[in-house]
Amino acid sequence: MNKKLLNILACPIDKYFPLECFELEMKKTDVVEKGVLYCKKCTRFYLVIDQIPILLPDEFRSEQDEKKFLLENQKKLPHKITNEAHPWHI
């Protein structure tokens, strides 16, 4: 995901803008290979995998896959994502 997208991406649940970005892997200085987008308003997180931001409503998300991602990256992510964010946390 090119970081320039942060200027136009909004939370699909409450339309909050701008989303916070936590980069886990970068490609160049402005492309997020793997990371998490976070909405301060509704405290939801959205994964960025293979440069693609996955901004889906809760009913279309995979709890198992997202919890696995959070566990694998727990030490690299802030507490507000791993322990407090919606729709689930670890």
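1. D58 and R44 form a salt bridge, with the closest N and O atoms 2.7 Å apart (a salt bridge is a side-chain nitrogen of Lys or Arg within 4 Å of a carboxyl oxygen of Asp or Glu). D58 sits in the loop between β4 and α1 (63-72), R44 in the loop between β2 and β3, so the pair ties together parts 14 residues apart in sequence. R44 counts as buried at 16% relative accessibility (buried is under 20% relative accessible area, exposed over 50%, partly exposed in between; 1.4 Å probe, protein chains only). R44, D58, R61 and E66 are linked in a network of salt bridges.

2. On the basis of the values: this is a predicted model, where local features need pLDDT of at least 70, side-chain atom pairs count only at pLDDT 80 or more, and totals for chains, interfaces and linings use all residues. Residues are numbered from 1 along each chain as its sequence is written, and side-chain values use heavy atoms, without hydrogens and water.

3. The structure holds 8 salt bridges. Among them is K34 with E25, at 3.5 Å between the closest N and O atoms. E25 is partly exposed, at 37% relative accessibility.

4. Strand β3 (residues 45-49) has 4 of its 5 residues buried, so the rest of the structure largely encloses it. Helices (H or I, at least four residues) and strands (E, at least two) are DSSP runs, numbered from the N terminus.

5. β2 (residues 31-38) pairs antiparallel with β3 over 5 bridges; pairing requires at least two DSSP bridges between two strands. V36 stands opposite L47 in β3. β3 and β4 (residues 52-53) run antiparallel, joined by 2 bridges.
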